[in-house]
Amino acid sequence: MNILLDAGSGGRASMRLIHDLFFKYFENDILVKMDDAAYLEMKSPIAMSTDSYTVSPLFFKGGNIGTLAIHGTVNDVSMLGARPKYLSCGFIIEEGFSLEDLERIVQSMAEATKEAGVKIVTGDTKVVTKGACDKIFINTTGIGEIIPPTSKFGSPSGANAKVGDVVLLSGSMGDHGLTVMAERENLSFVSDIQSDCASLNHMIERLMLEVGEIHVLRDPTRGGVATTLNEIAEQSKIRCVLYEEMLPIHENVRSGASILGIDPLYLANEGKLLCILPKDKAEQALQIMREDKNGKEAVKIGEIAELPAGKNGQVVLQTKMGGMRLLNMLEGAPLPRIC
């Protein structure tokens, strides 16, 4: 069966889709009230984030557009040192889209919300004429409660990196970006690789509660680790020094990226985090990360240093040969629709 235009009309077909599909997988005490808005009770300041997902292909090794929509927004809320609780979800569906594929996506989203411990509490569905969008686009907005920070700098922020801090990465770089590229372009030489798509909120909650003084948390999605660190460097007005020999890259990603002429530092990740914190807190943070299934390969990859005069922010890579290579922010779109 395929989705018809009347499934987004607000009439009986819309009600059938909501009750037979969305309630089947997303049902909870708030959503089933069917009000125009969700009534939420929050006990602390909140973090809020929204994102839209257009990834192509829709299904890839390690996930799909639905899991990506849940994990991505859960992670964005978490990076402010918050405990994600509620999500909204909006679907824009092309007329004729497979109902079977939609159910696969919705079911995987339900599984992802259960694992992350969040609820979808409100949503919307629109069906557009064939050709008006490419199969399906999804928007998710997340809200979470800020975990009371113990750092004198407050909650983690890209503006909080300090000279002397260390830079931690929770695992290997580039798995998601190369997976999507390989499946989109049918690259036979890229094998045994899958997206790292995952929610990191449980790991982050432990970091906030047990380590405490976390200056920066950020997920290096589009633009990869290098671009994300450039954003932080500009926000904090610092120089970030990475060490090439410390960078965690799976060998199949390294070889595949090399053939394609792509630097893994600029490949997207969907289940990794950057953590910048005082040097004396690094080992405790690494231990917590490595105890989580999504952080077993966590390592220190660099340090925060004084910014040279006249610069707004800078990221450099110390190569294995001892030289210094400037890492600029990503220019252009070498791989569009990565998430």
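Analyst: The count comes to 16 salt bridges, a salt bridge being a side-chain nitrogen of Lys or Arg within 4 Å of a carboxyl oxygen of Asp or Glu. The model is predicted, so local features need pLDDT of at least 70 and side-chain atom pairs count only at pLDDT 80 or more, while totals for chains, interfaces and linings use all residues. Residues are numbered from 1 along each chain as its sequence is written, and side-chain values use heavy atoms, with hydrogens and water left out.

One of these salt bridges joins the side chains of Lys293 and Glu115, at 2.7 Å from N to O. Lys293 sits in the loop between helix H8 (282-290) and S11, and Glu115 in helix H3, so this pair ties together parts that are 178 residues apart in sequence. Helices (H or I, at least four residues) and strands (E, at least two) are DSSP runs, numbered from the N terminus. Lys293 counts as exposed because its relative accessibility is 57%, and Glu115 is partly exposed because its relative accessible area is 42%. Here buried means under 20% relative accessible area, exposed over 50%, and partly exposed in between (1.4 Å probe, protein chains only).

A further salt bridge links Asp196 and Lys272, whose closest N and O atoms are 3.0 Å apart. Asp196 belongs to the loop between helix H4 (175-185) and helix H5 (201-211), and Lys272 to the loop between H7 and strand S10 (274-277), so the pair ties together parts that are 76 residues apart in sequence. Both Asp196 and Lys272 are buried.

Within H5, the side chains of Glu210 and Arg206 meet in a salt bridge of 2.8 Å, N to O. These two residues are four apart in helix H5, which means that about one helical turn separates them. Glu210 is partly exposed at 39% relative accessibility, and Arg206 is partly exposed at 30%.

Salt bridges that share partners also join Asp134, Lys135 and Arg337 into one network. Lys135 lies in the loop between strand S5 (119-128) and strand S6 (136-146), and its relative accessible area of 39% makes this residue partly exposed. The phi of Lys135 is positive, near 70°, in a residue other than glycine. Lys237, in the loop between helix H6 (224-236) and S9, likewise has a positive phi, near 55°. Lys237 is partly exposed, at 48% relative accessibility. Most residues other than glycine have a negative phi, and most peptide bonds are trans. A cis peptide bond joins Ser56 and Pro57, with omega about 5°; Pro57 is found in the loop between strand S1 (46-53) and S2.

The loop that holds Lys237 leads on to S9. Strand S9 (residues 239-243) is mostly covered, four of its five residues being buried. S9 pairs with strand S11 (residues 299-305) in the antiparallel sense over four bridges, and with strand S12 (residues 314-318) in the parallel sense over five bridges. Two strands pair if DSSP finds at least two bridges between them. Arg239 stands opposite Ala305 in S11, and its bridge partner in S12 is Gln314.

Helix H4 is largely enclosed by the rest of the structure, because eight of its eleven residues are buried. Among the buried residues of H4 are Asp175, His176 and Met181. The buried part of the helix packs against strand S2 (59-60), helix H2 (65-78) and H7. Asn186 follows H4 and has a positive phi, near 55°.

The largest nonpolar core has 73 residues, of which Phe91, Leu102, Ile136, Leu229 and Leu265 touch the most other members. H3 (residues 99-116) supplies the largest share of this core, seven residues. A nonpolar core is a set of buried Ala, Val, Leu, Ile, Met, Phe, Trp, Tyr and Cys residues joined through side-chain atoms within 4.5 Å. Leaving aside neighbours within four places in sequence, Leu102 is in contact (heavy atoms within 4.5 Å) with Ile3, Leu17, Leu21, Phe91, Ile93, Phe97 and Ile136. A second, separate core of 21 residues includes Leu200, Leu207, Ala285 and Ala298.
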